[in-house]
Structures are given as C-alpha cells and as structure tokens.
Amino acid sequence: MSASTTPRSTRSTPESDPALVAAYRLGDERAAGELIGRHIGALGRFLYSSGADRDEVDDLVQETLFRAFRRLATWRGEASFRSWLFTIGHNLLRDHFRSGKGHRVLSLDDHELPGQSDPHSDLVAGEAEERIRQGLAGLPRLQREVFLLRTQEGSEYEEIAMELGTTPGAARVHYHHAVKRLKELVR
Amino acid sequence: MSDCGWLSDRMPAVALGRSTWTAEETSHLGGCRWCQDEWDLIRLSGRLGKDVAAELDPASTTRAVLQRLARSVEQARVRRKAWGFAALAGAAAAAVMVWTGRPATVPSPAARAPVVASLQIPLPELDYLLPAELNAVLQTMDEPYVGGSADSPAWADPDDEVLDSGFDTLEG
C-alpha cells in the first residue's frame with residue numbers, strides 16, 4: 001500500500017487513497033474527483049503505453065474508472081489503488097483487443113510507418129515509440145507495470161513492491177526482464 | 001555476451017530529470033553500446049504517452065463517471081424491482097395452480113340449503129308489474145323449498161303408517 005489509512009482531519013494535508021475511497025463510499029463525491037485527478041494521467045499513459053490507440057484512451061480511461069468505482073467494495077487494499085486501476089485497465093484493454101475493437105498500429109516486424117511526413121528524427125523516434133508500445137503490450141502484466149512505474153513514475157523498487165504486492169527483489173527481476181526484451185525493439 | 005547494466009538503476013531518475021549523469025557515467029555511456037541502447041529505451045519510455053495524458057480532463061471525466069454510476073445504481077434498482085414483481089407473480093401463479101388442482105370437496109347439506117334458497121332466476125316479465133300485482137303473483141306461488149334432500153330420514157326410512165297412508169292415496 002502506498003499510503004496510510006489515517007482518517008481525514010484537515011483539508012490541507014493530502015488524503016491517502018484508502019481514506020478517499022472510504023469517503024466516497026460514504027457518499028462524498030468530492031473524494032471521487034480527487035482520486036480521479038490523482039490517477040487519471042498515469043492511467044492514460046499506462047493504457048496508451050500498453051497499446052491503446054491515442055483516440056481511444058479517453059474512452060478507455062472513463063470505462064476503467066467507471067468499472068473501478070462501481071465495484072469499489074472489492075478493492076481490499078492488498079495492492080495500491082493505482083495498481084488496482086491498472087489491473088482493471090489491463091483487463092479492459094485485453095477484452096478490447098480480443099473483440100477486435102482495438103487495432104495494433106504496427107507489427108513488431110514492420111519497420112516502416114506509412115503516411116508519416118515528419119522529419120527523419122521524429123519518424124525514427126515515433127517508430128521506436130510505437131515499437132516500445134507494441135513490446136509493452138506483449139509483456140507479462142507485472143513486467144509491464146514494474147517497467148512503467150519505474151520509467152514513467154520514477155518509483156524505486158521498494159515502492160513498486162508495495163504498490164504491486166511483491167518484493168523489491170522480484171520487482172527488480174521483472175524490470176530487468178522487461179528491459180532486456182524491449183531493448184531489442186529500439187535497436 | 002551479457003548486458004552491461006552498470007547505469008541501469010540510475011537511468012530512470014536521470015531520464016525524468018530528477019538526477020544528472022556524473023562525468024564518469026557520461027564517459028561510460030559514450031563508450032558502452034549496451035548502455036546506449038538501454039538509455040534510448042528508458043528515455044523514450046519516460047516520455048511515452050505524456051501528451052496523451054495531458055489531453056485528459058479530470059473534471060469532465062469525473063462528471064461522466066459519476067453520472068454513469070448514478071444511472072447504473074438507478075438501473076440496478078429498477079432491475080431489482082422488476083425481479084421482485086416477477087417473483088411475486090410467480091408465487092401467485094404457483095398458488096393459483098395449487099389451489100385449482102386440489103381435490104373437490106363435497107359441501108355438507110347444511111351448506112347447500114341456503115344456496116338453493118337464495119337461487120335467483122331472472123324473470124324479466126315480472127319487472128313491469130306494480131308492487132301490488134307482484135304480491136298477488138307471489139301469493140299464488142309455492143314457498144321455496146328449503147328442506148332436506150330425498151335421502152332425509154323421513155323418506156329414507158318410512159314407518160308402516162306413513163306407507164299405508166301413501167298407498168291409500170294412490171289407490172283412491
């Protein structure tokens with residue numbers, strides 16, 4: 001867990017996720033707004049980095065949050081609220097791809113991006129980004145989450161371990177496996 | 001040949017601008033192909049989706065999510081109500097089936113008699129009679145039979161005197 005479960009006392013101190021969840025469950029809609037504001041960016045980046053199309057991210061974020069809040073009672077706090085959102089988002093994205101609504105923009109073996117009119121460096125960077133997205137989408141869930149928490153949030157292994165309900169050593173192993181696989185894609 | 005990995009743990013913090021390379025690290029990075037590849041990966045991953053996240057609007061998303069939640073609560077309430085009615089209707093139908101399927105019971109003579117006495121036969125031709133005329137007609141009619149049935153003890157087991165009296169009437 002990333003935060004303590006101290007009850008809310010003042011407005012000036014940031015409230016923990018469990019406290020906000022408890023407040024929302026008691027009918028405080030402001031708590032929902034605060035939770036969403038706190039995690040929406042990371043959730044959007046996670047979904048996009050996991051292979052969601054740019055124009056689908058908004059809908060997928062909304063659907064993920066709706067599903068999460070609808071079954072908030074099932075969040076036991078073993079993992080962080082953010083990690084729980086990521087899990088729901090991951091499942092949603094997987095169903096999205098299975099149903100054929102989502103489409104992968106680039107094959108892992110495809111080295112050409114059609115229709116790009118940007119300068120060469122942007123093209124190369126854009127192509128590499130797409131390869132990373134493809135690669136991330138193909139990683140096991142824990143490897144992907146550890147990698148994104150480390151590279152996008154700058155989290156240390158101890159924090160990641162608490163977030164994902166694992167050990168720092170295991171988080172480190174997941175990270176290095178992910179790096180090894182993804183490195184092949186940006187060469 | 002295995003990966004170098006000497007700068008691995010430092011890369012995310014430097015890529016996110018929370019730290020900087022030392023001179024020694026910079027020198028190593030310039031000459032290590034493994035670390036260069038990893039550095040490219042970490043830098044690209046660190047900025048992946050940043051612009052997408054910036055386009056998300058927390059306020060409108062919160063409004064939309066709360067509206068959907070309110071609608072889903074209302075829909076669940078209506079569904080529960082509908083299921084309640086369906087269950088009630090099912091129970092009522094079952095009760096009717098059980099009731100109509102039960103064996104017929106024979107009413108006792110005491111229960112049957114008032115039914116006969118209160119039997120109403122519509123006679124529209126009497127509807128236009130004045131009360132006095134109606135009374136006159138009623139007086140000419142027999143009293144309604146409210147007694148026992150043919151298997152009453154008086155007829156079922158007549159004594160000799162009753163039988164003789166009956167035979168006398170028949171023979172003239």
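1. A helix here is a DSSP run of H or I covering at least four residues, and a strand is a run of E covering at least two. With that in hand, chain B is quick to describe: nine helices and zero strands. Read along the sequence, its pattern is α-α-α-α-α-α-α-α-α. Please keep in mind as you go that this is a predicted model.

2. Buried residues make up 37% of the 187 residues in chain A. For chain B, 10% of the 172 residues count as buried.

3. In chain A, 59% of the contacts with a separation of 6 or more join residues 24 or more positions apart. In chain B, 56% of the contacts between residues at least 6 apart in sequence link residues at least 24 apart.

4. Where pLDDT is low, the predicted coordinates should not be read in detail.

5. Among the elements of chain A, helix H3 (residues 57-70) has the highest mean pLDDT, 97, while helix H5 (residues 120-137) has the lowest, 79.

6. Now to where the chains meet. In the model, 29 residues of chain B are in contact with 35 residues of chain A. On the chain B side, helices H1 (11-15), H3 (33-47), H4 (50-54) and H5 (58-100) each supply at least two residues. H5(B) gives the most, with nine residues. By type, the chain B residues that touch chain A divide into 16 nonpolar, six polar and seven charged.

7. The buried residues are Thr61(B), Thr62(B) and Val65(B), and the buried residues of H5(B) pack against H2 and H3 of chain A.

8. Within chain A, have a look at H7 (residues 157-164) and H8 (residues 168-186). Their axes come within 8 Å and cross at roughly 100°. Angles of 65 to 115 degrees count as roughly perpendicular, and H7(A) and H8(A) are therefore roughly perpendicular to each other. H7(A) makes the contact through Tyr157(A), Glu158(A), Ile160(A), Ala161(A) and Leu164(A), and H8(A) through Pro168(A), Ala171(A) and Arg172(A). The residues of this contact divide into six nonpolar, no polar and two charged.

9. Finally, a single residue to check in the viewer. Glu56(A) is found in the loop between helix H2 (29-49) and H3 of chain A. Is Glu56(A) buried, exposed or partly exposed? A residue needs 20 or more C-beta neighbours within 10 Å to be buried and 12 or fewer to be exposed; Glu56(A) has 18, so it counts as partly exposed. Glu56(A) and Gly44(A) lie 12 residues apart in sequence and 9.9 Å apart in space, C-alpha to C-alpha.

Definitions and conventions:
Residues numbered from 1 in each chain as written. Chains lettered and ligands numbered in written order. Predicted model: local features only at pLDDT ≥ 70, side-chain atom pairs only at ≥ 80, totals over all residues. pLDDT = per-residue confidence, 0-100. Contact = placed C-beta atoms within 7 Å. Nonpolar A, V, L, I, M, F, W, Y, C, P; charged D, E, K, R; others polar. Axes fitted to C-alpha atoms, helices over the stretch in contact; angles between N-to-C directions. Parallel < 35°, antiparallel > 145°, perpendicular 65-115°, else oblique.
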